[in-house]
Amino acid sequence: MTHAHITTWVVALILFFVANSLFKSGKEKPYKITHMILRLFYLLVIGTGIWIVTSLTNISGEYIAKIVLGIWTIGMMEMVLVRSKKGKPTKVFWIQFFVALILTIILGLRLPLGLFDWF
Ligand code: HEM
């Protein structure tokens, strides 16, 4: 189950960086398509996350934090892309993206289920 979750967020991250560089190099149409596929992957990341949570019998505070952090990471990816498109500054959102991403991954690995339980 966490295989599917890991696959979807890794693909989402790749799509995010690809969409960003397509936008930077002025490739409007490929950027739009990549951003659309990325939005589909947001739903898949959230969907697989919820799927794991629904299999639990005891949802601890750490799980709630994991969900909030995961959604925050996704929110920051979307903010970076949308604000770049509007020509607005993105620095604050890039910083939040990296902080949220690192915390989400650490907490994901800390939680007991899944392939890895490192921290
Ligand atoms: C970009 C966003 C996200 C990243 C980078 C991420 C990352 C991770 C990682 C690294 C794991 C550990 C996998 C393993 O040990 O096999 C994990 C597990 C998990 N994630 Fe996410 N996640 C994200 C979004 C979400 C969202 C939105 C939700 C909920 C709606 C969610 C819910 C979960 C749950 C419930 C687990 C299982 C935790 C456990 O091992 O007990 N994640 N995630």
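Is glutamate 28 buried, partly exposed or exposed, and what is its relative accessible area? Glutamate 28 is partly exposed, at 37%, where buried means under 20% relative accessible area, exposed over 50% and partly exposed in between (1.4 Å probe, protein chains only). Before we zoom in, please note that this is a predicted model, in which local features need pLDDT of at least 70 and side-chain atom pairs count only at pLDDT 80 or more, while totals for chains, interfaces and linings use all residues. Residues are numbered from 1 along each chain as its sequence is written, and side-chain values use heavy atoms, with hydrogens and water left out.

**View A. Helix H1 and its cover.** Helix H1 spans residues 2-24; helices (H or I, at least four residues) are DSSP runs, numbered from the N terminus. Its 23 residues reach 33 Å from first C-alpha to last, close to the 33 Å expected at 1.5 Å a residue, the expected span being 1.5 Å times one less than the number of residues. Buried residues of H1 include Thr2, Leu13, Phe16 and Leu22. Among the elements covering the buried residues of H1 are helix H2 (28-54), helix H3 (61-85) and helix H4 (91-110). Just after H1, glycine 26 has a positive phi of about 75 degrees.

**View B. The iron atom of the ligand.** His5 (NE2) and Lys66 (NZ) coordinate the iron atom of the ligand at 1.9 to 2.0 Å. This pair brings together distant parts of the chain, with histidine 5 in helix H1 and lysine 66 in helix H3, 61 residues apart. Donors are N, O and S atoms within 2.8 Å of the metal (3.2 Å for Na, K and Ca); water is not among the atoms, so sites may look incomplete. The site is octahedral, with angles of 82 to 176 degrees among its six donor atoms; six donors count as octahedral if opposite donors are over 155 degrees apart and all others between 65 and 115. Histidine 5 and lysine 66 are both buried.

**View C. Glutamate 28 and lysine 85.** These side chains meet in a salt bridge at 3.4 Å, N to O, a salt bridge being a side-chain nitrogen of Lys or Arg within 4 Å of a carboxyl oxygen of Asp or Glu. Lysine 85 is partly exposed, at 39% relative accessibility.

**View D. Arginine 39 and glutamate 78.** The closest N and O atoms of this salt bridge are 2.5 Å apart. Arginine 39 lies in helix H2 and glutamate 78 in helix H3, 39 residues apart. Glutamate 78 is buried, with a relative accessible area of 18%.

Key. Helix = DSSP H or I, 4+ residues; strand = E, 2+ residues; numbered from the N terminus. Contact = heavy atoms within 4.5 Å. Tetrahedral: all angles 85-135°; square planar, octahedral: opposite > 155°, others 65-115°.
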